[in-house]
Amino acid sequence: MTGVCHRLPTLLLVAVAAGAAEPGVLSWTLDPAGAPLRAVAGTPRQVPTPGGPAVLALGVAPGDAECLVGTVPAGAPSAPPFTLEAWIHPTQCGEWDRLALNWGAPGHRAYHLALHRGRGSLVVCQRDGTEVFCEGGRIEPGQWTHLVGVADPAARRLRLHVQGELVAEVPFDGTMAEGSGQFGIGDSATDFAPGLRFRGYLGALRAWDRALTPTEIAARRTADQARFTTAPKETGLTRALALKAIAERHALDDAQAAEAAQLLGDPDPSVRAA
């Protein structure tokens, strides 16, 4: 595996310690000293959103980084309780779309937050090796989604929230296996599966070392919603190449096909809607 270290805004990844007065008091960068996250298969690319933040493109256009991997950063979940929060704008939803995970080969699995057949998915591997799935909600390509997974050992429950709503809740024994010692955004750092990588835009990824309550999660979604209302603004050739890349993996809808035709002139059949 090869990769290059790239610096991106610290606010892309935020680890919030229990008792911190404000979110973001503790933060990760994508190039922390001694524990860089490496870009795989391309270069990290930031894309503006009208009226909102610049976001990270993962596998959208040719040359984009497809995932970021490395040693587990300080502040990433190492044991329950924890909360993982993400704002995502997928360009496709496949069988699996890996998002944030400490997940390797069997015997080296801890947790992953992902999309599974268009639903949100939080999976925790208990110390006894049992993998507990908490899945629900509906996530559509081409729109911003607020996705939150919670491991609450006091209640012995895993919870999943989509767009601020509790969509799934399952029991677990309150433990978590050690995992691989590596952290991935978009794919596993030690068990690569290019066909299972998240494709789209990542607006924010935050972690807490406590279980946020449903009320707190709903409030966070409301507070952030205004920042994630418009689509990332791809322009010109980059947008055309992004549409072509999407079409090679996933059928375009009518609006995307019309836009591709306008940008590319007379696109080949692979760019037309199915």
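This is a predicted model: local features need pLDDT of at least 70, side-chain atom pairs count only at pLDDT 80 or more; totals for chains, interfaces and linings use all residues.

Reader: OK, take Leu158. What does Leu158 touch, leaving aside neighbours within four places in sequence?

Author: Quite a list: Leu122, Val124, Val132, Cys134, Val150, Ala151, Ala168, Glu169, Val170 and Phe172 are in contact with Leu158.

Reader: Switching to His112. Where is His112 found?

Author: In strand E10, which covers residues 109-116.

Reader: And is His112 buried or exposed?

Author: Buried. His112 has a relative accessible area of 7%, and the cut-off is under 20%, so it counts as buried.

Reader: Which residues is His112 in contact with, beyond four places in sequence?

Author: Trp96, Ala100, Leu101, Trp103, Ser121, Leu122 and Val123.

Reader: New topic: Asp191. Where does Asp191 lie?

Author: Asp191 sits in the loop between strand E16 (182-185) and strand E17 (200-208). With a relative accessible area of 27%, Asp191 is partly exposed.

Reader: What does Asp191 touch, not counting residues up to four places away?

Author: Arg98, Trp103, Gly104, Ala105 and Arg109.

Reader: About Gly104, what separates its C-alpha atom from that of Asp191?

Author: The C-alpha atoms are separated by 5.1 Å, with Asp191 and Gly104 being 87 residues apart along the chain.

Terms used: Residues are numbered from 1 along each chain as its sequence is written. Side-chain values use heavy atoms; hydrogens and water are left out. Helices (H or I, at least four residues) and strands (E, at least two) are DSSP runs, numbered from the N terminus. Buried means under 20% relative accessible area, exposed over 50%, partly exposed in between (1.4 Å probe, protein chains only). Contact means heavy atoms within 4.5 Å.
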